[in-house]
Amino acid sequence: RLASGAACPAATPRPVVDWSGPAIGPGPVYSVGYDARGNIRWAGSQQDGGWYYIKILWFETPGTGPFLIRGKQLDGPNQVGFGSDPVPSPELVLEASDQVGVANASPGWHSYVAYTRVRAPGCYAYQVDTGSGSEAISFEAGP
């Protein structure tokens, strides 16, 4: 949780691989789809049942294996949802069989596309669990 009035510690996107735009995350899992300050903007996106759809690209370093993503709002009560169903899932599991895209110049890297779903503006964080540990990736969301 963030203290009242505290700034959101949104991750700053940076180059990670040459075949993707700037990404956030400490690794071995990264995500793409944020502005230069690590913000998700949902203006113009689809909304269903009070949840906004934001398409995010996820990718992992070679050998990471399946990973689980959950999330919540750090400055409020909302959870992060995932998927395209009217009621989003509270967690996202990605594994090699979910991979999208074509082979790239970085063998062993896997990439995935999934919807992140949020209900309200605020500061959020993903918790990404892999076989080797957990990492947190924070971002800000708004219109």
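1. **The open sheet.** In this predicted model, five strands form an open sheet in the order β2-β10-β9-β5-β7, with mixed pairing. Strands here are DSSP runs of E with at least two residues, numbered from the N terminus. Two strands pair if DSSP finds at least two bridges between them. The edge strands, β2 (39-41) and β7, each pair on one side only. From one strand to the next, the twist averages 30°. The angles behind that value run from 0 to 180 degrees between N-to-C directions, with axes as lines fitted to C-alpha atoms.

2. **Ground rules.** Residues are numbered from 1 along each chain as its sequence is written, and side-chain values use heavy atoms, with hydrogens and water left out. Local features need pLDDT of at least 70 and side-chain atom pairs count only at pLDDT 80 or more, while totals for chains, interfaces and linings use all residues.

3. **β5 and β7.** These two strands run antiparallel and are joined by three bridges. Leu68 stands opposite Val93 in β7.

4. **The chain as a whole.** The chain has 10 strands and zero helices. Its C-alpha atoms fill a box of roughly 45 × 30 × 30 Å along the principal axes. The radius of gyration is 15 Å, which agrees with the value near 15 Å for a compact globule of 143 residues. That radius is taken over C-alpha atoms, and the globule rule is 2.2 Å times the number of residues to the power 0.38.

5. Of the 143 residues, 45% are buried. Buried means under 20% relative accessible area, exposed means over 50%, and partly exposed lies in between (1.4 Å probe, protein chains only). A contact means heavy atoms within 4.5 Å. Among contacts with a separation of 6 or more, 66% come from residues 24 or more positions apart.

6. **β4 and its partners.** Eight of the 10 residues of β4 are buried, so this strand is largely enclosed by the rest of the structure.

7. Val29 has Glu60 in β4 as its bridge partner. Asp48 stands opposite Trp51 in β4. Lys55 faces Tyr115 of β8, standing opposite that residue. The hairpin of β3 and β4 has two residues between the strands, and Gly49 there takes a positive phi near 60°.

8. **β1 and Ser31.** In a regular strand the side chains alternate between the two faces of the sheet. Both faces of β1 are covered: Val29 and Ser31 lie on one side, Tyr30 and Val32 on the other, and all are buried. Ser31 belongs to β1 (residues 29-32). Its relative accessible area is 0%, so Ser31 counts as buried. Ser31 stands opposite Trp58 in β4. Leaving out residues up to four places away in sequence, Ser31 touches Pro22, Ala23, Ile24, Ile56, Leu57, Trp58 and Tyr126.

9. **Tyr34 links two residues.** The side chains of Ser31 and Tyr34 make a polar contact of 2.8 Å. The side chain of Tyr126 makes one with the side chain of Tyr34 at 3.2 Å. A polar contact is a pair of N or O atoms within 3.5 Å; within protein, one must be able to donate a hydrogen and the other to accept it, and residues adjacent in sequence count only if both atoms are side-chain atoms.

10. **Tyr126.** Is Tyr126 buried or exposed? At 1% relative accessibility, Tyr126 counts as buried. Tyr126 sits in strand β9 (residues 122-130). Arg70 is 56 residues away from Tyr126 in sequence, but 5.5 Å away in space, C-alpha to C-alpha.

11. **The cores.** In soluble globular proteins, nonpolar side chains tend to be buried together. A nonpolar core is a set of buried Ala, Val, Leu, Ile, Met, Phe, Trp, Tyr and Cys residues joined through side-chain atoms within 4.5 Å. The largest one has 26 residues; those with the most contacts inside it include Tyr126, Trp58 and Phe139. Elements giving two or more residues are β4 (51-60), β5 (67-73), β7 (92-94), β8 (110-118), β9 and β10 (133-142). β4 supplies the largest share, four residues. A second, separate core has six residues, among them Val17, Ala23, Val32 and Trp109.
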